Amino acid sequence: MTKFFIHFFAICAVFQASAQVTGKVSDTQGEPLIGVTVAVKSASVGAVSGIDGTFRVAASGADTLVFTYTGYATVMVPVDGRSIVNAILTEDITTLEQVVVVGYGAQKKKDITTAVVVIDEKDIRDRPMVSAAEALQGKAAGVQVVQPSGKPGNDISVRVRGATSVLAGNEPLYIVDGVPTTDIRGLNPADIQSISVLKDASSAAIYGARAANGVVLITTKRGNEGTPVIRLSAYTGFSNLRKTVETLSTKQYRNLMEEIIPGALDPAATRYTDWQEETFGFGKNQSVQLALSGGDEKMRYMVSTNYLNNEGIVKPARFDRYSVRLNLSSQANKWLKIGTNLNVLRSRTKNTPDNASSGRGGVIMSALNTPPFLTIYKNDGSGQYDPNPFQPSWENPVAYMFGPDQLTTDTRIFGNINAEATLVEGLTLKTNFGTDLNTHQWDYYLDPFRTNFGRNQNGFGQADKFNSNEWLWENTINYQTAFGSNHLALLGGSSIQKSQWNQSFLSGNDFPSDVSVTTLNAANTITGSTNAEAWSIASFFGRVQYDFDSRYLFTATIRRDGSSKLAHHWGTMPSFSAGWRISDEPFMQGLDVIDDLKIRAGWGKNGNQEGIPNYARYGLISYSRRASANPLAGPAAFQVTYGNPDLRWETTTQSNIGIDLSLWRGRAVFVADAYLKQTEDVILNVQLSNSLPISTIQTNAGSIENKGLDFSLSTVNLEGKALDWRSDFNISFNRNKVTDLQFTDVYYFGRIYSNNQDVAIMKKGLPLGSFFGYVSEGVDPETGDLKYKDVNENGIFDPGDRTVIGNGNPAFTYGFTNTFSWKRFDLNIFFQGSHGNDIFNATRIDLEGMFDSKNQSTAVLRRWTPENRDTDIPRAVGGGNVDNVRNSSRFIEDGSYLRLKSFTFTYNFNPNSIKKLGINKLAVYTTGQNLLTFTKYSGFDPEVNAFGLSATELGIDYGTYPQARTLTVGVNAEF
């Protein structure tokens with residue numbers, strides 16, 4: 001390291017005599033270019049061309065001048081001892097004719113007639129991420145990304161233009177290097193080259209019955225021709241809790257207990273344990289990636305290996321991932337190309353239970369509710385956790401965290417091999433075979449000594465094993481031709497995919513006293529179950545793309561899918577879209593400020609088969625065997641579902657109209673879209689007579705509508721000889737509504753354990769994610785109880801007084817990124833936010849209820865007493881009385897927030913300074929994530945949902961693992 005700094009400072013100290021170099025910058029037509037940045041390579045000096053395109057800069061005869069201008073390709077010209085250096089810049093095809101990955105192919109961005117947003121590698125560089133889905137948050141208009149929990153390795157909710165389903169999936173279909181999947185948690189974000197989000201039906205219809213929720217196309221990095229390049233990327237950092245929730249001290253808790261359970265506490269119980277301090281600590285994150293890429297005209301390759309470790313702020317939660325990727329492409333001969341993309345990974349996950357009350361194993365709620373006078377362990381040296389004297393089954397948070405020994409291990413092989421043959425000029429045939437192999441193992445062991453539950457069970461263990469395999473075979477034929485100003489592209493193809501999986505589950509208790517024996521075969525009592533399922537889908541599809549002089553554009557797509565999940569197997573999904581490049585019309589030629597102006601419109605249908613049970617058209621029978629005196633007795637059989645031979649997949653029809661506008665040679669790019677998205681045949685569990693053994697049946701019984709607006713604006717604010725400033729802003733508005741329900745008028749969701757009431761409602765005319773409950777009218781000063789509004793005006797308090805009290809959907813979401821470059825320093829500031837959404841803070845039910853022995857928040861210090869009647873906190877009641885904590889507007893809070901999602905500061909070393917060390921590029925950076933959050937929400941964090949990816953239960957906080965603030969330092973090197 002010492003030698004490195006010696007070399008670095010020695011090279012930086014080299015001084016070369018400079019002279020004045022002049023010249024002129026023009027375009028290919030000979031017209032002067034104004035405002036071109038002229039910089040001396042590897043130096044901090046530069047100039048800007050004047051009104052006549054001329055410039056003057058101090059440079060030596062051995063220097064190289066770098067000419068950069070928005071909308072034009074960067075040009076480097078050696079001085080070679082000259083005093084006059086002229087430069088001619090050509091329009092940058094990467095800006096004006098960028099190639100975008102679309103379904104089964106690629107297309108020039110300027111010729112796209114559908115709603116597609118692209119996120120490339122530079123947009124996610126230097127952002128430490130665990131999941132590739134994080135790259136979409138705040139970066140793509142029309143895409144809402146929510147991390148329901150801050151737990152490492154947890155699922156991330158992605159919604160493309162709203163939720164369309166209740167029981168089926170709402171996540172988009174991901175296509176990774178041509179292979180479809182619904183799970184990208186194992187994909188290493190550092191391997192990603194670009195992400196294309198197909199938002200409207202006409203862009204996604206090529207994927208038919210799996211595309212109703214949008215399609216995300218992910219392309220991983222490839223090798224390039226030239227000298228092999230080794231890239232090393234590494235970072236490490238730590239995280240902590242953004243804020244805490246104030247709870248009662250031991251003295252304050254004793255005073256409260258005297259009101260609820262007089263004399264229940266031992267006078268000697270005066271100790272104090274800060275359970276939040278014992279629960280929340282520092283997390284750790286680190287990643288090391290080594291990649292090798294290169295190739296020649298015959299073969300290109302990229303191989304990478306990565307280790308990622310993410311330890312949460314609440315132990316033992318952690319996520320470790322080991323991954324290896326191999327991407328190869330070979331030009332076997334002049335007419336045949338072959339390639340492969342292979343990803344092998346293994347992940348190991350430890351869980352911290354959350355989204356549950358302190359009485360049901362929830363660590364976060366236990367950290368808030370455990371009485372403060374308790375200690376972690378008993379004082380008798382037994383190593384047992386200190387039990388709760390009021391309710392021994394309620395363990396302290398440390399017991400929930402470290403009592404069980406548990407681990408989840410997942411191994412996955414994901415990839416494809418492909419071949420493409422050029423039959424004649426313009427006609428290609430491609431075949432693609434993909435596979436996705438998974439093994440899952442979860443093991444859990446609770447010893448018979450340290451915890452109350454473990455002692456009652458004399459040890460308890462569980463094991464879950466899951467294996468799945470999917471294979472895909474696709475064949476496409478593509479023909480492209482041009483005649484005059486006409487361009488035509490035809491695509492036809494077929495696809496077949498099959499998935500099989502099996503699962504086994506074991507549970508046992510009564511283990512030996514030797515705690516080193518943890519395998520389930522050591523338990524005296526064991527129960528188990530097995531399950532196996534399969535599905536398949538066959539598809540045929542076609543697409544026509546036509547344009548005249550890139551001015552009038554048209555695309556039509558059709559796909560026909562047949563699914564094994566349905567009795568009526570086949571369905572057809574059509575779409576079309578058109579575009580008009582107004583800027584190429586003769587009447588627009590005088591408007592030099594406009595580079596490109598295009599309007600586009602599209603319509604199409606997509607399906608959603610992801611959430612349909614594999615055998616929903618059949619009535620399923622389950623078998624079980626219980627202990628019997630007769631060893632020859634067969635298993636008991638009982639029906640678990642009614643079959644539905646008329647079940648259809650959910651179908652979404654979407655219309656879209658948009659505008660693309662580029663101004664001032666690409667210095668400002670504006671995109672706007674308006675859409676109407678209507679989903680029919682929504683699958684629901686329709687209620688049957690309670691007299692039947694099975695009270696529900698899945699059938700198509702609803703309709704949902706989403707409509708909204710997407711806007712994005714990218715600008716080059718400043719482009720000078722030293723400082724460069726660019727901005728990207730996007731904002732999305734979506735309105736969701738249930739437009740029809742059949743057979744059943746209303747559905748309830750979101751059961752809260754502490755008061756045993758549902759908080760979410762689905763009803764015609766309401767959006768999914770609506771909160772339902774009573775309207776709180778404050779505390780009755782005479783009784784100290786909460787008053788509820790008589791909504792139905794019948795003069796009595798009854799369930800009919802419940803009404804809609806909030807909405808978990810935001811009015812709009814947005815993201816704002818600013819990137820600054822000055823000399824060798826880069827600064828990226830990314831804000832992300834959500835506005836207008838409500839949160840039902842169910843955590844406060846257990847923190848302000850005062851109905852049992854749980855510790856409470858300091859809000860109860862202002863509770864009603866005969867001496868304090870004017871207050872917003874009702875009286876302490878005890879005895880399990882939950883009348884004052886019914887689901888009501890009392891617990892509805894504003895969930896809007898603005899968050900500094902990431903703040904990255906980078907220094908790029910001078911290449912000439914490090915070249916002697918064998919390093920081509922070297923950059924060091926520091927990134928802060930979630931550093932600032934501006935919100936009125938009183939809980940740990942406003943980005944929350946105790947019900948995970950649910951579309952009907954949104955924005956419910958019930959002891960959810962909070963997001964953390966993270967500070968990371970990293971290095972990127974290229975050899």
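Visitor: Which residue is the bridge partner of Thr819 in S43?
Guide: The bridge partner of Thr819 in S43 is Asn828. Please note that this is a predicted model, in which local features need pLDDT of at least 70 and side-chain atom pairs count only at pLDDT 80 or more, while totals for chains, interfaces and linings use all residues. Residues are numbered from 1 along each chain as its sequence is written, and side-chain values use heavy atoms, with hydrogens and water left out.

Visitor: What counts as a strand, and when do two strands pair?
Guide: Helices (H or I, at least four residues) and strands (E, at least two) are DSSP runs, numbered from the N terminus. Two strands pair if DSSP finds at least two bridges between them.

Visitor: How many bridges pair S42 and S43?
Guide: Eleven bridges pair strand S42 (residues 812–822) with strand S43 (residues 825–835), in the antiparallel sense. The two form a hairpin with two residues between them. In that turn, Lys823 has a positive phi of about 55°.

Visitor: To which other strand is S43 joined?
Guide: S43 is joined to strand S46 (residues 897–908) by ten bridges, and these strands run antiparallel. Leu827 stands opposite Phe905 in S46.

Visitor: Let us change topic. In what order do the four strands of the open sheet with S36 come?
Guide: The order is S36-S37-S38-S41, with antiparallel pairing. Strand S36 (746–752) and strand S41 (803–807) are the edge strands, and each pairs on one side only. On average, neighbouring strands of this sheet are turned by 40° against each other, direction ignored. For such angles, axes are lines fitted to C-alpha atoms (for helices over the stretch in contact), and angles run from 0 to 180 degrees between N-to-C directions.

Visitor: How many bridges are there between S36 and S37?
Guide: S36 pairs with strand S37 (residues 757–763) over six bridges, in the antiparallel sense. Across this pairing, Arg751 stands opposite Asp758 in S37.

Visitor: What do the side chains of Asp758 and Arg751 form?
Guide: Asp758 and Arg751 form a salt bridge, with the closest N and O atoms 2.8 Å apart. A salt bridge is a side-chain nitrogen of Lys or Arg within 4 Å of a carboxyl oxygen of Asp or Glu.

Visitor: Is Asp758 buried, partly exposed or exposed?
Guide: Asp758 is partly exposed, with a relative accessible area of 22%. Arg751 also counts as partly exposed, at 44% relative accessibility. Buried means under 20% relative accessible area, exposed over 50%, and partly exposed in between (1.4 Å probe, protein chains only).

Visitor: How many salt bridges does the structure hold?
Guide: The structure holds 45 salt bridges. Among them is one between Arg185 and Asp183, at 3.2 Å from N to O. Arg185 is partly exposed at 35%, and Asp183 is partly exposed at 29%. Another joins Arg886 and Asp883 at 2.9 Å, N to O.

Visitor: Which residues are linked in a network of salt bridges?
Guide: Arg242, Arg899, Lys901, Asp941 and Glu943 are linked in such a network.

Visitor: And which strands form the open sheet with mixed pairing?
Guide: Three strands form that sheet, in the order S45-S44-S48. Strand S45 (892–894) and strand S48 (956–957) stand at the edges with a single partner strand each, so one side of each has no neighbour in the sheet. Strand S44 (residues 838–841) and S48 run parallel and are joined by two bridges. The bridge partner of Phe840 in S48 is Ile956.

Visitor: Now the whole protein: how many helices and strands are there?
Guide: The protein has eleven helices and 49 strands. Its radius of gyration is 31 Å, close to the 30 Å that the globule rule gives for 975 residues, so the protein is as compact as a globular protein of that length. The radius is taken over C-alpha atoms, and the globule rule is 2.2 Å times the number of residues to the power 0.38. The C-alpha trace spans about 95 × 70 × 65 Å along its principal axes.

Visitor: What percentage of the residues count as buried?
Guide: Of the 975 residues, 50% count as buried.
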